[in-house]
Amino acid sequence: GQIVYSIAEETERGASVGNIAKDLGIDAATLSARKFRMITGSSKQYFNINASTGALSVNEPIDREQLCELKSVCLLNYELVLENPLELYRMEFKVLDINDNSPSFPLSEYHISVPEFLSPGARFTLPNAQDLDEGANSVQNYTLSPDEHFHLEMQIRGDGSKYPELVLKKALDREQQATHRLVLTAKDGGNPPKSGDVPVIVTVLDTNDNAPEFEHSVYRASILENSPSGTLVVQVHATDMDEGPNGEIRYLFSNTTSADLQRMFLIHPHTGEVTVNGVLAVQRPLLEMLIEARDNGAFGMSSTAKLLVEITDVNNHGPEITITSLSSPIPEDAVPGTVIALLSILDKDPGENGKVTCQIPDNLPFQLKPSLQNYYSLVTGELLDRELISEYNITITATDLGSPPITTQKTVWVQISDVNDNPPVFSADTFDVFVEENNPLGAFIYQVSASDPDIGENGRVSYMLRNSTVAGNALTSFLSVNLANGSIYAKCAFDFEQLRSFSFQVEAKDNGSPALSAATTVNVYISDQNDNAPAILYPTSQNGSLAVEVVPRLADEDYLVTKVVADDEDNAQNAWLTYHLIHASDSTLFQLSSHTGELRTTRSMRSTDFLKHKVVVVVRDHGDPPLSSTVTVGILLADTLPQALPDFDDSGEPPPLLNATNIYLIISLACVSFIFATFLLFLAAVRL
């Protein structure tokens, strides 16, 4: 938006100008919170805004003539910037002129030499008064003190400007009065009007009665602002009808031409060539100078012509990029169109050379949009993703329309802040874990890991077990998980024979707000250990008695005596069983199949075989280390089942041959034999 205020110059400090909050429709109470600030290119801050009421007042009186010099319209431009949200308002202050300056003349007095022989009607140029005020407050008319020989007339130049001329209305007589003292008064149109006067001293001469005359009353020229010293601007020419020294003309700048312009340009006194002298350091596009042509008579006569020099701009200023406001970092979920920065781009050159185009690279998710005059807004053009790109260096290129164009670049660093828009991600949807049974309590089982591309708290992942049951019991009675690193530990010893596998879910949750989570399934397979010995299912003993099998007395070879049946609760090789005969009362009579457990006779029974036999069978698995069980079987050779089973403690073997009595007899016999042998040896020795 834009608002225009008008204020008279020299308005005292503290005077009210308006209420910016009311005029712009802004809540005055929010000005401080929204960090308002006034931006201007002026070196002074002429206005204040009351942060509580929004009242706009004068901070420092304005001198219009000092601020705007000779401009017809004096404007002060301000920008009001508000944040949260970012808004920009343009304020224009029109400084109204007051009649605070009196007309003045460049010199304290002017001298005019008038030959006495001039006829009435002769004209002499009078100096122009200067008034820094503008419009009606500037110089409006001139008056001349009463004199019988002179009166004042106003003349108009070719460009429409007026100037006073002194007109001779009665012939002069130097012998009667050699000097005439007049007073030239300039009045402005103010209310009340102001005036200024200057003495005009007319000296009467009696020579050189023709003044030089210019070919044109106004000369116009155009030069480039970067023209080097010595460049010809224009050549003026005047003629003088007199002869000799009275007709020789010298050219010079009039005293009314400012000293600055006289330093910038030189005029050749004989040829009338106006050339550049130094650097054209001016801000005005049109320069006005008065050139005087004076003859070399004893009392030189002169005339003036106006020289208007148009300074053609050259593109010698590059665009200036100023970052007025910058919001960085910005959240990655910022909607397209979010304002990031406010830029001011100015070019001091006028016209086309001062027009600027601005752009940023096409491959960025940002746009540059024109705002108010000379302002651009840098906004987001699409959705951002910090996980892909966390910061941008945006190069702003400003190019003017001059020939050749001048380009300026400025880089804006924009950081992207993280938003919790990514849930944790596991490396796999499921994990298979193998655990041996009989594990110790607290044993490490597995570690799951999830990654989160967000940063800070948004990327910090914690782990937990989802509620579930295993074999009718809560999952937490079997397992625990480390909250920080996802390590899973056993809270009990697993038994393969009771539980062979189960599944559960681990949830990974970040610490963002709101938190995001993901889950993965862990399949646990319990590996078997050889922790169960084979169990003998048949034959079995009852009440601690021996298992007895009855075999016909005259059974044939390979007769099936019995089959040992065993089972092992372990799995795989831990449950592979083999059968071994480790003891038999008659090892030649029985044999055992190692794979089937069948006990058979190795030959036909004989009548001389003992009636009772006892064998011991061991059943062994293939675990590491292997486990085994034994069974003792009593075998009775009988054709019919007896009423009562015999006692197998003696295993059906004959009584031992070496009883106590037999041992004594053997010892006695050995002693007698030894004594007899000794006696025989003694007799042999005696005879020899």
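How many bridges join β8 to strand β14, and in which sense do the two strands run? Six bridges link β8 to β14 (residues 195-205), and the strands run parallel. Here strands (E, at least two residues) and helices (H or I, at least four) are DSSP runs numbered from the N terminus, and two strands count as paired if DSSP finds at least two bridges between them. The model is a predicted one, in which local features need pLDDT of at least 70 and side-chain atom pairs count only at pLDDT 80 or more, while totals for chains, interfaces and linings use all residues. Residues are numbered from 1 along each chain as its sequence is written, and side-chain values use heavy atoms, with hydrogens and water left out.

Strands β50 (residues 612-620) and β51 (residues 628-637) pair in the antiparallel sense over nine bridges, and histidine 613 stands opposite isoleucine 635 in β51.

Strand β29 (residues 375-380) is mostly covered, with six of its six residues buried; buried means under 20% relative accessible area, exposed over 50%, and partly exposed in between (1.4 Å probe, protein chains only). In a regular strand the side chains alternate between the two faces of the sheet. In β29, Tyr375, Ser377 and Val379 point one way, Tyr376, Leu378 and Thr380 point the other way, and all are buried. Two strands flank this description: β26 (residues 339-346) pairs with β29 in the antiparallel sense over five bridges, and β28 (residues 366-370) pairs with β29 in the antiparallel sense over five bridges. Alanine 341 stands opposite leucine 378, while lysine 369 has serine 377 as its bridge partner. The hairpin of β28 and β29 has four residues between the strands, and asparagine 374 takes a positive phi near 70 degrees there.

Threonine 399 lies in strand β30 (residues 391-400) and is buried, with a relative accessible area of 19%. Its side chain makes a polar contact of 3.1 Å with the side chain of threonine 407; such a contact is a pair of N or O atoms within 3.5 Å, where within protein one must be able to donate a hydrogen and the other to accept it, and residues adjacent in sequence count only if both atoms are side-chain atoms. Not counting residues up to four places away in sequence, threonine 399 touches Pro319, Lys355, Val356, Thr357, Pro405, Ile406 and Thr407, contact meaning heavy atoms within 4.5 Å. Valine 234, found in strand β17 (residues 232-235), counts as buried at 14% relative accessibility. Beyond four places in sequence, the contacts of valine 234 include Tyr219, Gly272 and Leu307.

The structure holds 15 aromatic pairs. Rings of Phe, Tyr and Trp (its six-membered ring) pair if their centres lie within 6.5 Å; planes under 30 degrees apart count as stacked, over 60 as edge-to-face and the rest as tilted. For phenylalanine 431 and tyrosine 446, the centres are 5.7 Å apart and the planes are at 50 degrees, so the pair is tilted. Phenylalanine 431 sits in strand β33 (residues 430-436) and tyrosine 446 in strand β34 (residues 444-447), so the pair ties together parts that are 15 residues apart in sequence. Phenylalanine 431 is buried at 9% relative accessibility, whereas tyrosine 446 is partly exposed at 28%. Elsewhere, ring pairs link Tyr5, Phe47, Tyr78 and Phe93 into a cluster.
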